[in-house]
Amino acid sequence: PDGADWAIQPTKGKTKGKPKRASYGIFAGGRRYRAIRFAIERKDLPEDFPIAASVRDLSDGEIRLLSLSENLLRRDLEEYEVHAAIAAAIEDGLSEAEIAAQLGQSLSWVRQQRRLGDLHPPILKAYREGAIDLDQAQAFAATKDKDLQTAAWAHFAGKSHYERRSASIRAYYRVGDHEQAKLLRFVGEEAYRAAGGAFELDLFASDVQQRGRVGDEEILKRLVEVELQRIRAGVREQAGWRDLRFAMQPPQRFGCDDHRLRINCDKPSELSKALPKKTPDASILATIEIENDGQATVRFWWKSSSAEREAHA
């Protein structure tokens with residue numbers, strides 16, 4: 001029929017020294033093609049019935065993408081088919097930017113589809129068969145680390161739908177982990193990356209503050225300790241207390257920080273002024289608390305109530 005939008009790909013090569021006959025595939029107009037073939041078989045049309053067609057030499061990835069574009073407009077595809085088609089097109093050599101331009105979609109959308117299409121096969125199979133929903137599939141795709149996906153599926157596969165909530169899956173990955181995010185702000189993401197640390201974004205998280213996953217926790221811990229050592233050395237020097245002891249936490253009372261023992265001093269250089277003369281070094285201690293914004297707060301404490309009494313005696 002006039003206006004048929006057909007694209008066909010010749011397959012080139014040689015067989016036993018002879019040119020290989022070109023073969024063609026149709027990525028648009030397949031229904032019209034079959035209707036014409038049926039009409040020719042019934043003798044309603046002659047075998048040389050003319051059609052309007054465009055012949056294009058395309059790569060597998062380009063053909064896949066054009067077919068996907070056609071079916072997206074018709075909404076003929078399941079969501080998992082879109083994911084798989086985009087992942088396959090990239091595997092065939094097309095870039096994410098090329099796919100986004102061809103489909104009229106954003107680059108972030110293409111990256112999301114690719115991540116879902118590249119899921120650990122058992123997870124993708126469960127999604128395709130309806131054992132997990134899109135929200136859960138996106139949670140499993142919060143990391144591109146296949147080993148971690150494999151471990152997560154082994155952990156969650158036998159659990160109930162309720163136990164496989166997306167929040168639980170992300171918690172397993174430690175995506176948006178509050179403590180890790182705080183420590184990362186403390187040492188600085190740039191310093192962490194410079195030390196070889198990986199920081200991965202969850203492409204599907206709605207809250208931008210909960211999108212990160214620290215990929216190298218040991219590197220992060222090492223950088224934190226180096227920075228804490230630097231702060232301790234600076235505090236001792238400013239306070240003039242070379243043997244000032246630092247504790248992991250303040251003195252405790254009934255399981256809570258005992259604020260009665262806190263020394264009213266915010267600056268290390270003023271510590272001596274806030275204490276009685278000849279206060280023994282062993283009577284006080286310091287703590288460093290890393291705040292949510294990554295800033296470090298230094299506080300000073302009496303070691304115990306008896307230590308405070310003896311210093312004031």
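Modeller: Buried means under 20% relative accessible area, exposed over 50% and partly exposed in between, with a 1.4 Å probe and protein chains only. Helices (H or I, at least four residues) and strands (E, at least two) are DSSP runs, numbered from the N terminus. This is a predicted model, where local features need pLDDT of at least 70, side-chain atom pairs count only at pLDDT 80 or more, and totals for chains, interfaces and linings use all residues. Residues are numbered from 1 along each chain as its sequence is written, and side-chain values use heavy atoms, with hydrogens and water left out.

Colleague: Which residues of helix α9 are buried?

Modeller: Helix α9 spans residues 166-173. Its buried residues are S166, I169, R170 and Y173.

Colleague: What do the buried residues of α9 pack against?

Modeller: Contact means heavy atoms within 4.5 Å. The buried residues of α9 pack against α7 (134-140), α8 (146-156) and β6 (212-214).

Colleague: How many aromatic pairs are there?

Modeller: Rings of Phe, Tyr and Trp (its six-membered ring) pair if their centres lie within 6.5 Å; planes under 30 degrees apart count as stacked, over 60 as edge-to-face and the rest as tilted. Ring pairs link F140, W153, F156, Y172 and Y173 into a cluster. By this rule the count is four aromatic pairs.

Colleague: Is the pair of F140 and W153 stacked or edge-to-face?

Modeller: F140 is in helix α7 and W153 in helix α8, so this pair ties together parts that are 13 residues apart in sequence. F140 counts as buried at 0% relative accessibility, and W153 counts as buried at 15%. With ring centres 5.6 Å apart and planes at 70°, the pair is edge-to-face.

Colleague: Where does R165 lie?

Modeller: A charge sits over a ring if NZ of Lys or CZ of Arg is within 6 Å of the ring centre and within 35 degrees of the ring normal. At 4.5 Å from the ring centre, R165 lies over the face of Y162.
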